[in-house]
Amino acid sequence: MSQAKRHEFQAEVKQLLHLMIHSLYSHKDIFLRELISNASDALDRLRFEQVTNEALQSDEELNIRLEPDKGQRTLTIHDNGIGMTRDEVIENLGTIARSGTKSFLDKLQNADGNLPPELIGQFGVGFYASFMVADKVEVLTRKAGEETATKWVSTGDAFEVEDATRPNPGTSITLYLKEKDEEDHLEDYTDDWVLRRIVKRYSDFVSYPIKLRVWEDKGEAGAKTLEDQTLNSQKAIWARPKDEVTDDEYNEFYRHIAHDWSEPLARIPIRIEGTFEAQGLLFIPSQAPVDLYHPEMKRGVQLYVKRVFIMDECKELIPAYLRWVKGVVDAQDLSLNVSREILQKDRQIRAIHKQLVKKVFDTLETIKTERPEDYRKLWNHFGAALKEGLVAGESKDHERILDAMLVRTTADDGLVTLSEVVDGMGEGAEAIWYMSGPSYEAIRNSPHLEAFKSKKIPVLLLTDAIDDIWLDRGLKFRDLPFRSVAKGDVDLAKGGDEAEEKKAQDEAEQTYKDVLTAVRIRLQDEVQEVRLSNRLTDSAVCLVADKDALNPQMERLMRQMGQEIPKQKRILELNPDHAVMGKLKGMVAENDTDPAIQDYAELLYGQALLAEGGTLEDPSRFSQLVAKLMVGA
Ligand code: ADP
């Protein structure tokens, strides 16, 4: 027998264990859900391997066994699944690979350890949840196809690993239970009835029998025999008639596959019949996972073939922009040993993919019309992810996403649909105007919007990072292009007063010719042009981009991503109706070398930058100029 070797846990695991050991979480029962789910995964993996590896095939029933020992105060969870090698044990039970758990720990750090305990359930912290109920945990495991077994033991500080023996492949996890303590939400996990209740609640649909050995009373003079009882129904919930499944069962299933404690917003049954058959069940969560924008986030749809689990996060089934939709698809006519390569080319999979996307959009439409309040919630959580489909998806998707989109505008208080915006624009509209920026607060009073507001033309206020990217793609909604209020010329003159406006404009150009030149000379390093504006009513100044230029939001984004971008000079527009113009005109006429003109030009430029949420290159110089102006120096 080899010596036990001591190993340190990875720092993140230590942190997680600390949390588990001191947890105030009131649903400590979930430890069993986590261990059963791991066991069920291990059985899935063995069953999957058995398809291609004859040496692993056997007649033995694949199952999970619970073995409580009241005397020792232990509970052992056995499975005859795939098992682990020594290296896998050290890797799997000593480190954390999942991005979800990492972000959970980041949150924890920000909260100084005072994390609301409900979050534990939402994250599904897996194997380490054992330490909520046990002081010591022992794992005895043997990988299918190998001879030696491995024993792993830990009391939560470090862990020891040694070679061991085990008659059959599989894994047994023995928990040395803490004392029952109702105040601490610890139950007696050696009690039959406690175990029965927890299994029924959390693991009823697990597709392997979960067995408990109990003394069965035979009624004859008190004779009792030991019997294995199966605690779970094992019925695939997606294959059962809808009216036979309760809401609770659906929600429990959702919790199992999504690791999300909150109730889903909607469920979508999938039935495909005809040349091939598939069934499934999708869910729309009511909140976004913390890792929604993490590149490692798992896509939410699992693939089964004839009730046999094939893979998690089947990318071929659902587009990335719908990665937050959770669920299961069970295809009847695929081979059990489908590979990723086959999936990518498979016609059935492509047909299922189409159906799922269609079903999801149909459901979004239903929620939008029937439960507008829920739909707004949904949009706030998933809208930005959905918009990614406007960049990556197909044109059919674009139409559906634009239909599903909710926006804020200058004309409405809350969120509205694009159709509502277009309906509100009246006849003869040529474009859907938008303003994009880092936040609603930063742009809603932007000078660029003034003329639009005074002419009652609604402008979309878009603030997701993805917006500038899809807006650059030239998409149309109801035949109208999207145009930025901060780009190119805007010509909002309508109807008969056009000639009049043109005349007024020419006059203003004449009046302020010298002012424009004077400002242009002083700001020639900053801007490419200075001109009069017809988009301002109250503000003195704003900056606009060339018709084809990158917009500032996009520019910032690209810089953040480390791209070298030459400085983009923009156009400074001045408001001919603003009092400061008269003042400047007087100054220029009196002495066009007056150093105060330089100060004014810089102040105007700075104001324009600030008003669009930008940053000043030299903020202290700007504030000195403001102070100087305040004291009239
Ligand atoms: P998760 O299951 O979410 O990946 P866990 O911390 O619960 O995270 O488990 C870590 C890993 O340990 C699993 O991914 C799996 O590879 C392995 N593991 C856990 N339990 C078992 C088991 N009963 N049989 C085989 N492998 C297991």
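In this predicted model, C314 is tucked away from the surface: the residue is buried, with a relative accessible area of 0%. C542 gets the same label, since this cysteine also comes out at 0% relative accessibility and so counts as buried. The cut-off behind that label is a relative accessible area under 20%. As for disulfides, searching the whole structure turns up zero of them.

Next comes a sheet. Strands in a sheet pair up through backbone hydrogen bonds, and the pairing can be either parallel or antiparallel. Here, three strands make an open sheet, arranged in the order β21-β23-β22, and the pairing is mixed. The edges are taken by β21 (527–532) and β22 (541–544). Each of these two has a single partner strand, so one side of each is left without a neighbour in the sheet. Going from one strand to the next, the twist averages 25°.

What about the pairing between β21 and β23? Strand β23 covers residues 570–574, and β21 pairs with β23 in the parallel sense over five bridges.

Helix α16, made up of residues 498–522, lies across β21 and β23 and runs at about 155° to β21. Helix α19, spanning residues 595–611, lies across β21, β22 and β23. Relative to β22, helix α19 runs at about 65°.

Technical notes:
Residues are numbered from 1 along each chain as its sequence is written. This is a predicted model: local features need pLDDT of at least 70, side-chain atom pairs count only at pLDDT 80 or more; totals for chains, interfaces and linings use all residues. Side-chain values use heavy atoms; hydrogens and water are left out. A disulfide is a pair of cysteine sulfur atoms within 2.5 Å. Buried means under 20% relative accessible area, exposed over 50%, partly exposed in between (1.4 Å probe, protein chains only). Two strands pair if DSSP finds at least two bridges between them. Helices (H or I, at least four residues) and strands (E, at least two) are DSSP runs, numbered from the N terminus. Axes are lines fitted to C-alpha atoms, for helices over the stretch in contact, and angles run from 0 to 180 degrees between N-to-C directions. Contact means heavy atoms within 4.5 Å.
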